[in-house]
Amino acid sequence: MNAPVVKGPFALGEALAAREQAALLRSRVATDGASGGRLKVAGREYLNFSANDYLGLADHPAIKAAFKEGIERYGAGAGASPLVTGYSRAHQQLEETLADWLGLEAVLLFNCGFSANQAVLKALLGKDHLLWQDRLNHASLQEMGSQLPCKMKRFGHNDMAALERQLEPNRGLIVSEGVFSMDGDQGPWRELAALAARSGNWLMIDDAHGLGVLGTEGRGTLAAQGVSPARVHIQMGTFGKALGVAGAFVGGSRELVEYLVNFARHYVYSTHMPAAQACAVSQSIELVRGAEESRARLARLIARFRQGAQALGWQLGASDTPIQPLLVGESGAALRLAERLRGRGVWVGAIRPPTVPVDTARLRITLSAAHRDEDIDRLLDALGSCPFVYSAGGTRDA
């Protein structure tokens, strides 16, 4: 029996059909687990080049043990928002650990990076402020910026001259990313910090994809670029990428954190992350701080992949981070290329609009310290077998 047609004010079916016609329809795939650069789906094992587990810590025995011990002590859930009874000693210890690691006065924990970003913008910016954002900032930042009473101005990606022309003194907040999630390149943080200081505006970094990977002890993009944390008023980072767990934080001055405790609605009105999760993240930070060998290995794998892919004629983005965009152009071609790779046992995600601009669909290839040299070579062999149209109309022979 056919399902009944749902009528009313929302054209859901038409919207879904339009996305499918444009090769933009999303669907979920239930996996059977991932570890060590591998992914299991429907009984088959694939090389996994889609995860953000950059240091291969998501399956680390010490982190899993810390999680289990946290559950034994605190239970499986927080039970309440942090201003009721959801804030535990484990949360406090994690905040102190983060502050020490990153050179911050204070830190506040959030359930995810999306809510952390939105909480900051909503709590700080009123109708008399201005917000400046890089055009390629994460959707959480762009979306909240468009909903605020203040005026949002977007500048060209990493275009500091364009930003400087837009800036007005003492009017608001400049926001950019450490490592951009779809392009893998870095924001120019020396220049951003200088412009913020000269104009008297605040500066915020979203370092979700730099934290743990870049800089001494994995302190992130600012450390890698030699920028003092004191020059950036707000730092946001996440625990679900290089740290291998989940959750996020916002850090800065004690005054900022106290303000957010009182005015950030995403924090005040949400059940807190489980204390056991905080225990796992604290253990992960200890591992990350000592993971110089893993970071060096990851850098070698990135260089190996880039050299091989460029030798094959593929167009890559300008990235020296674990995020390696292989530019395709047309959404349907990106989907076909990803499917071809899966047929060869390699799992890579096809990224399409609206996540990236129109005509810039790509494979978002992510590397991990858990990968081996032979895994990179197998990925390159699979790419070498693909005859698809790619990158602005160019073709590749079979």
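Reader: Before looking at single residues, what do buried, exposed and partly exposed mean here?
Author: Buried means under 20% relative accessible area and exposed means over 50%. A residue in between is called partly exposed.

Reader: Is Phe114 in this model buried, exposed or partly exposed?
Author: The model is a predicted one, and in it Phe114 is found in helix α4, where the residue touches His138, Ala139, Ser140 and Glu143, not counting residues up to four places away in sequence. Because its relative accessibility is 36%, Phe114 counts as partly exposed.

Reader: Is Gly113 buried or exposed?
Author: Gly113 is found in helix α4, which covers residues 113-124, and it touches Met236, Thr238 and Ala248 when residues up to four places away in sequence are not counted. Its relative accessibility is 12%, and so Gly113 counts as buried.

Reader: Which residues does the UniProt annotation "binding site" cover, and what is the largest C-alpha distance in the set?
Author: According to the UniProt record, an unreviewed entry, the annotation "binding site" covers Gly113, Phe114, Ser181, His209 and Thr238. Although these residues are spread over 126 residues of sequence, they cluster in space, with a largest C-alpha distance of 13.3 Å.

Reader: Which residue from this set is in the lining of the second largest pocket?
Author: The annotated set, as the UniProt entry gives it, includes Ser181 and His209. From this set, the lining of the second largest pocket takes in Ser181.

Reader: Where is Ser319 placed, and which backbone oxygen does its side chain reach?
Author: Ser319 lies in the loop between α12 (292-311) and β11 (323-329), and because its relative accessible area is 3%, this residue is buried. Among the residues it touches, not counting those up to four places away in sequence, are Asp183, Gly184 and Arg306. At 3.0 Å, the side chain of Ser319 reaches the backbone oxygen of Gly184.

Reader: Which strands stand at the edges of the open sheet of 4 strands?
Author: The order of this open sheet is β1-β2-β3-β12, with mixed pairing. Two of its strands each have a single partner strand, so one side of each is left without a neighbour in the sheet. These edge strands are β1 (34-35) and β12 (346-347).

Reader: How many bridges join β2 to β3, and which residue in β3 is the bridge partner of Val41?
Author: Strand β2 (residues 38-41) and strand β3 (residues 44-48) run antiparallel, and 4 bridges join them. In β3, the bridge partner of Val41 is Arg44.

Definitions and conventions:
Residues are numbered from 1 along each chain as its sequence is written. This is a predicted model: local features need pLDDT of at least 70, side-chain atom pairs count only at pLDDT 80 or more; totals for chains, interfaces and linings use all residues. Side-chain values use heavy atoms; hydrogens and water are left out. Buried means under 20% relative accessible area, exposed over 50%, partly exposed in between (1.4 Å probe, protein chains only). A polar contact is a pair of N or O atoms within 3.5 Å; within protein, one must be able to donate a hydrogen and the other to accept it, and residues adjacent in sequence count only if both atoms are side-chain atoms. Contact means heavy atoms within 4.5 Å. Two strands pair if DSSP finds at least two bridges between them. UniProt positions are given in the numbering used here, feature names are shortened, and annotations may be inferred rather than shown by experiment. On a 1 Å grid over the protein atoms alone, a cavity is a set of points where a 1.4 Å probe fits but cannot get out, and a pocket is an open set with protein on both sides within 12 Å along at least five of seven lines; lining residues have an atom within 4 Å of a point.
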